[in-house]
Amino acid sequence: MRGYALQSSGINSTQFGRTTAPYLLILPSLFLTFWIIGYPLWDLVNMSTHAVTRFGQLKGFIGLANFAHLIAEPLFSGCLVRTLIWTISVVGGSVILSMPIALILNEKFAGRRIARVIIMLPWAVSLTMTGIVWRWAMDGQSGMVNATLFNLGVIRQPIAWLATAGTAFPVEIAIGILVSIPFSVTVFLGGLASLPNEIYEAARIDGATAWQCWRHLTLPLLRPFINIALVLNVIYVFNSFPLIWVMTQGDPANSTDIFVTWLYKLAFRYGKLDSAAALSLVMFVILLVFTITYAVLAMREESIEVRR
Amino acid sequence: MRKALGILLGTATMAFAIASAEAKTQLRVVVAYYSAATQEIFEGMAKDFSATHPDVDVKIEVVPWDNLEQRLTTDIAGGIAPDIAMIGTRWLVDFVKNDVAEPLDSYLTPEFKARFLENFLGPSTISGKLYGLPVAASARAMYYNKDLLAKAGIKDPPENWDTLVADAKKIKALGNDIYGFALQGKEIETDAYWYYSLWTHGGELIEGTKSGIASPAAVAALSLYRSLIDEGLTEPNPTGYNRQDIERLFKQGRIGMILTGPWLRGQIKTDAPNLNYGIAPIPAGTTKATYGVTDSMMLFKSSQQEKVAWQFLSEAAFSPKWRIEFTTKEGFLPVTKAEAEQPQFTNDPQLKAFTDMLPYAHFAPLIPNWEQIADTTIRALQKVYTGEAKPEAALKEAAGSIDSILQQQ
Amino acid sequence: MGLRISHPPERSYIKKSALYWLCLSPFVITTLFPFAVMISTAIKPRAEVLTFPPVWLAKHIRLQNFVDMWHAVGFGQALVNSALVSCTTTALCLLVAIPAAYATGRMQFRGKRIFRQFLLVTQMLSPVVLVLGIFRLMATLGLVDQLWALVLAYTAFNLAFAIWMLQAYFGTIPIELEEAARLDGASTFQRLRLILLPLTLPALGVTAIFVFLYCWNEFVLALTLLRSSQKFTLTLQIFSLVGGRYSVEWDHVMAATLLASAPVAVVFASLQRYLVRGLALGAIK
């Protein structure tokens, strides 16, 4: 390390650094996020506690009346349930499937590079376009899915996939899982690559089986990465708009509406910006509660691990 | 040194350019997308206008219909509304109610007003004041596949619903992938597709101050559609088909009859040139009816150059030259007398089928929150189409919701 | 999980490869299916796009579709716009995130926990929800219809992930390396540049990909903030082919989507090698 030819700065940098450096370092990011996200958030809070005209002009302060109206709406509970089903299914499915995929892609095998690129491909297409292409493929009459299934002899009649919620919602969930896999796989691959070799050598010398290596070495070490994948996925999927909107627009009869699609209708079709703002805050609070609970649980687990 | 000089020069040039650009008046016009020709047409108007008004720079923004409402909402909320916008006339009430639209009566000259066909000024007149100039008008009619009808042994297209049901049965018998009557069950204008039935059965959307969609006529109208689905006379699972989907089925030659507007003609010409089809009035029930739709050009109250904007409208956008260009290229019905006199319109038998229906046209009621009401109706229709609810119950529930929306004003 | 001495392909290697491919096959098929649909539709002549029953391979192949689409959509300009926005945002985001990640990863200061939580909170609000507020903000700044508005907004939305990712990687670098350098008199900035950054290249790579992709494919904000069609990004331009149209030209839509996804797929393929090497290097240390 003495090989560095460095110039030391005149001021005692450590002392200076300890007090103001961190704040200077985070200043740009704080500034950007505060304005671009904080200001609209404030706007939202304002709109949710006032009566608002169709075009965003605030009329009168009405406290929490918007929230009360919103929760009393018959569609609210349905959307809540569907949003939860959507989020849990997509995130659960994606994380559970991504782990074995990442494990496989981490091994050396013939054509691994091609396999990696293929699995990542859904990421290259925007969600809107993915929705459009699948909607076209799922068309009851001229869709390739029906045509292929028909040719394979799996079905005898074309299925109208997107006509009712019973088939449309599971299809949307399946596609949601498909597009979430690349992200989770990337995170897990990164985690797997950071695992040190020595502990595996040691374990193997001690005679540990592959399963034991997995359960007691890999899994705990991957926990921070699993956490990242879970939490971020939940947030993105909960708020995910394009897929469901493009495929069914939340219909028929609101049966595939989740919070965010209903929100869009409230804001831009019906012009009820106050209800939409209230709904946004409800969604925000739900996510906040989730992340705090999860963080608390995760921290408790980490401290258990550390103590071991 | 050279770099600094370069930057300085660059900034100076930019500043000069901005300054000189600011000397011109900028007119912002937001237009909806109808086809690939829309942008050209409006750019053409802009060019013509700038030729006679060199101090005005006209900026045309073309927006897809799906996003138009959202775009205008955000623009107005952000304080940068355009000067002129094209809107669905059914939205006009909300704009007027929120004091966004500028009444046009003070700008109208009798000569200008006389250019228009009477019917079309009505829908954009609210409380006696004119707020929008009609720009794209359509009435709806029934397209029928001549080959399929001939194969099924039907001589003339059905004139009423009973005959239609009988004809659809005959067409259905022609084959597995052939359907008698197209029924739209998804997305925008799903409600309109049902209004054809509603109005021809004598029903009305608004009766007095309450919703009319739970009336006996309405229930009969919806039960008719339900029975069509039950007997397999429509394409299967209508809730999976939006307007484009059923139009596509018709272009593929797999549907006998479909109710839609004049734009399908242009599409058939490019997508299915060999399709042998005809156009007839919408089948009557107890009465004849059709759906008249107009889009309007609206002037914004917040505009800083209302006079210039009006000049653009009266001299360019609504000049006979451009009206004819627009209506011909986009395939709509004439709204001005100049268009109606053009040979392509007077000698077109198909267009005649549309214009003949105009006297029976119903327009969307001019009430605020129309989108929400339409959505409520669509929800009820979809429940019935999927079999989740029965017509009477679904319509009653929807009418109740609509009544409370109506009372909110 | 580490270096292996390369053997000539043994039977067990081939068997293992086959097994792995078998396990991956359902995902490979469902991933490639939409691309197959896109290709199949993009090369069909207009009249064959809507034939029934649908066929995979059209009777005539019409590569001219791509050229037609390029002109009809203004693909070239949109491509440039998307590239500009994505690259600028990626650069800006990394520039801003690296110091912040260093601060939160290596330093202790009051308010660190709050800052991290604030970052997490910024992720929880979907752009759909914030669209109106962001628009008002940009309108006040006079940035509507400017690509810069998108750059700023995208950077803000991606900072949380970038900082999180980089900070995690900074955390895996032993503090001793830095301590030794500090004893040698290296300032914070020099330590950052000469030690930390080279070792976190994999994390930088992953973050860069993520941010780039976000920008390339983003829709709602672009739709709200951009006005003139010359400024449209690719996603916007393609969507305008589909949304609210009287008749959708599917051959153009699919051709456009293919061409829009191709650069990204290429970036993936090339960065893959780099990433693999980088990740492996990271593992050796």
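**Domain and chain interfaces in the predicted model**

In chain B, 22 residues of domain 1 are in contact with 25 residues of domain 2, contact meaning heavy atoms within 4.5 Å. The structure is a predicted model, in which local features need pLDDT of at least 70, side-chain atom pairs count only at pLDDT 80 or more, and totals for chains, interfaces and linings use all residues. Residues are numbered from 1 along each chain as its sequence is written, chains are lettered from A in the order in which they are written, and side-chain values use heavy atoms, with hydrogens and water left out.

Domain 1 of chain B comprises 24–138 + 293–363 and domain 2 comprises 141–292 + 367–407, bounds that come from an automatic or database domain assignment. About 2,100 Å² is buried between domain 1 and domain 2 of chain B, 63% of it from carbon and sulfur atoms; buried area is the accessible area (1.4 Å probe) that two parts lose on being put together, summed over both. B:Phe354, B:Met357 and B:His362 supply 32% of the area that domain 1 buries against domain 2, more than any other three residues. Two salt bridges are counted between these domains, a salt bridge being a side-chain nitrogen of Lys or Arg within 4 Å of a carboxyl oxygen of Asp or Glu. B:Asp348 and B:Arg265 meet in a salt bridge through their side chains (2.9 Å, N to O).

Between chain C and chain A, 101 residues of chain C are in contact with 93 residues of chain A. These two chains bury about 9,200 Å² between them, 77% of it on carbon and sulfur atoms. One salt bridge is counted between chain C and chain A, and the side chains of C:Arg136 and A:Asp43 meet in a salt bridge at 3.2 Å, N to O.
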